[in-house]
Amino acid sequence: MDSIYEVFILTSCLKLLLIPAYRSTDFEVHRNWLAITHSLPLEQWYTESTSEWTLDYPPLFAWFEYCLSQLAAFFDPRMLEVQNLNYASPATILFQRLTVIASDFVLLVGVKKCADTVPGQGTYLTSPRVRLAALTLGSAGLIMVDHIHFQYNGLLIGLLLISYAHMTQGRFLKSAFFFTVLLNMKHIFLYLAPAYFVFLLRNYCVTIPAGGWLPRPQLANTAKLGLVVLGVFGLSLAPFAALGQLPQLVSRLFPFKRGLCHAYWAPNLWVFYNLADKLAVFGARRLGVSVPGSAAASMTGGLVQDVEHALLPAVRPAATFALSAAAMLPALVTLWRRPADAAAFLRALVQCALCSFLLGWHVHEKAVLLAVVPLAVLALRSGPEARLYLLLSAAAHVSLGPLLFGGREAPARLLLAGLHAGYAAQALPAAAGPPSRAYTGYLAGLAAVAVYDVIGHRALGLDGRWPFLPLLVTSLYCAVGVVCCWLALYWHMLFRVEGGQKIKVR
């Protein structure tokens with residue numbers, strides 16, 4: 001048996017043990033989507049609003065929920081009643097948990113395909129294949145978000161890894177097909193679309209003669225690629241276009257009326273902007289300057305609502321898009337200049353994910369996994385990226401910890417993050433060299449922040465007076481790590497990058 005399958009079986013057993021664990025509101029979100037797609041006609045899928053958790057994923061994910069609902073009827077038909085809000089019978093819990101575990105089979109396929117692209121040998125337990133499988137299938141972030149909090153990120157990232165593996169093998173149309181399917185399952189992967197666009201344009205749709213600079217279009221290739229991409233979008237969107245519901249669908253997928261920050265502050269650059277606004281309010285009041293009470297309070301409500309800045313200029317969606325695009329530009333230019341380089345493509349994917357996470361509009365804290373999981377593939381190739389993977393994954397996993405705010409889950413989240421960091425430090429030999437004091441100090445601080453969030457704040461008796469403080473400290477400290485990793489990865493990509501695997505078109 002392939003050792004990757006053994007890792008999959010082992011991690012699946014762990015996930016089975018987490019079935020009784022805490023469930024977030026996302027559990028009810030997906031139960032409601034099962035009910036909508038099973039009980040209502042197609043024309044009501046994106047208009048139904050009995051629950052506040054309306055269907056807001058693209059159509060292919062809705063069809064995925066529809067397929068699951070056919071099986072759900074055998075477990076407990078009552079979970080498929082739209083009016084049965086917050087329904088969570090034991091059979092419903094078991095069914096929904098099992099669907100997430102089963103959908104990780106797609107992640108397994110993606111890991112297996114990517115493992116075939118990673119060079120190097122080793123013993124049975126130390127081969128690059130096993131290390132990649134353990135880092136990815138056993139990702140602390142995916143376990144916390146999918147198998148405790150409740151989502152299907154393993155399925156989606158599995159599709160991304162399958163697409164990347166096909167790209168490294170020169171199977172550009174297959175890669176484009178899987179990525180387009182992914183976009184039509186969850187539109188957050190639009191973050192990565194610029195890297196796909198530039199790479200496919202440079203390597204499949206145009207050619208540049210040796211010694212020349214003017215691209216020559218490859219019309220046949222462009223037509224084939226267009227058929228694949230438009231074909232998937234057409235199959236996904238055509239039923240709703242025929243119903244005249246595309247505007248309604250788009251309004252569900254892109255709710256720009258939401259605020260700059262989602263839930264609590266994701267550890268990105270807007271954390272520092274929000275903090276600056278909070279400090280400005282504090283300073284203004286000390287100077288006797290009047291600040292509207294509602295605006296100031298929105299920054300101190302436990303970080304569980306949309307943020308409205310009191311004194312600093314409001315940030316609009318268009319500004320975040322422009323900033324994200326500008327931040328991606330060096331990575332995309334580098335990708336254009338390094339054609340058919342598999343490592344350059346993956347580095348650009350990671351950079352696009354990080355730029356969007358750090359500067360995007362209404363970013364979910366879980367979006368950091370779009371960079372962390374693919375970076376594991378690079379970490380097995382490159383010493384500097386191995387060390388940065390360890391730092392980024394540790395910061396990401398600590399930042400995700402507050403999603404599991406129940407006391408029963410506190411030991412689990414600390415254990416998962418600690419075990420993953422410990423394994424990564426040992427499994428990536430290049431990351432085990434003598435680290436700098438700043439590097440070691442930051443990781444030690446991460447451990448302290450995680451312990452303070454779980455134990456220290458309450459032990460100090462601050463939970464009644466400053467309930468928002470653990471989230472604030474966690475987001476700020478983790479944001480420092482994520483930003484430093486982003487800048488260091490950029491430096492490596494632009495100035496210190498090693499030669500990558502060359503892709504041959506098939």
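How accessible is E365, and does this residue count as buried or exposed? In this predicted model, where local features need pLDDT of at least 70, side-chain atom pairs count only at pLDDT 80 or more, and totals for chains, interfaces and linings use all residues, E365 counts as buried at 2% relative accessibility. Residues are numbered from 1 along each chain as its sequence is written, and side-chain values use heavy atoms, with hydrogens and water left out. The term buried stands for a relative accessible area under 20%, exposed for one over 50%, and partly exposed for values in between, with a 1.4 Å probe and protein chains only.

The side chain of E365 meets that of K366 in a salt bridge, with 3.3 Å from N to O, and K366 counts as buried at 7% relative accessibility. A salt bridge is taken as a side-chain nitrogen of Lys or Arg within 4 Å of a carboxyl oxygen of Asp or Glu, and the structure holds seven of these contacts. Another of the salt bridges joins the side chains of D104 and K15 at 2.8 Å, N to O; because D104 belongs to helix α4 and K15 to helix α1 (residues 3-17), this pair ties together parts that are 89 residues apart in sequence. Both D104 and K15 are buried. Helices in this account (H or I, at least four residues) are DSSP runs, as are strands (E, at least two), and they are numbered from the N terminus. A salt bridge is also found between the side chains of R31 and E28, at 2.8 Å from N to O, and these residues, three apart in helix α2, are separated by about one helical turn. R31 and E28 are both buried.

Aromatic contacts were examined next. A pair of aromatic rings is described by the distance of the centres and the angle of the planes. Rings of Phe, Tyr and Trp (its six-membered ring) pair if their centres lie within 6.5 Å, with planes under 30 degrees apart counted as stacked, over 60 as edge-to-face and the rest as tilted. The structure holds 25 aromatic pairs. One of them, formed by Y46 and F240, is edge-to-face, with 5.2 Å from centre to centre and 85 degrees between the planes. This pair links distant parts of the chain, 194 residues apart, since Y46 lies in the loop between α2 (25-39) and α3 (59-75) and F240 in helix α10 (residues 219-242). Both Y46 and F240 are buried. In the pair of F75 and F95, the ring centres are 5.0 Å apart and the planes stand at 55 degrees, so the pair is tilted. F75 in helix α3 and F95 in helix α4 (residues 90-115) are 20 residues apart, and their pair likewise links distant parts of the chain. F75 is partly exposed, with a relative accessible area of 37%, whereas F95 is buried, with a value of 4%. One aromatic cluster is formed by F27, W33, Y57, F61, F64, F150 and Y152.

F150 is also among the buried residues of α6, a helix (residues 140-150) that is mostly covered, with eleven of its eleven residues buried. M144, another of the buried residues of α6, takes part in the lining of the largest cavity, together with H397, V398, G401, R413, L414, A417 and A450. A cavity is a set of points on a 1 Å grid over the protein atoms alone where a 1.4 Å probe fits but cannot get out, and lining residues have an atom within 4 Å of a point. A search of the whole structure finds five cavities of 30 Å³ or more, and about 50 Å³ of space lies in the largest cavity. The largest share of its lining, three residues, comes from α18, while α17 (383-400) and α18 (410-427) each supply at least two residues.

Backbone geometry was considered last. Most residues other than glycine have a negative phi, and most peptide bonds are trans. Phi of N86, a residue other than glycine, is positive and near 60 degrees; N86 is placed in the loop between α3 and α4 and counts as exposed at 60% relative accessibility. H362, also not a glycine, has a positive phi of about 50 degrees. H362 is located in the loop between α15 (342-359) and α16 (369-379) and is buried, with a relative accessible area of 10%.

Notes
1 Å grid on protein atoms, 1.4 Å probe; cavity = no way out; pocket = protein on both sides within 12 Å on 5 of 7 lines; lining within 4 Å. Points joined across faces, edges and corners; volume = space filled by probe spheres on them.
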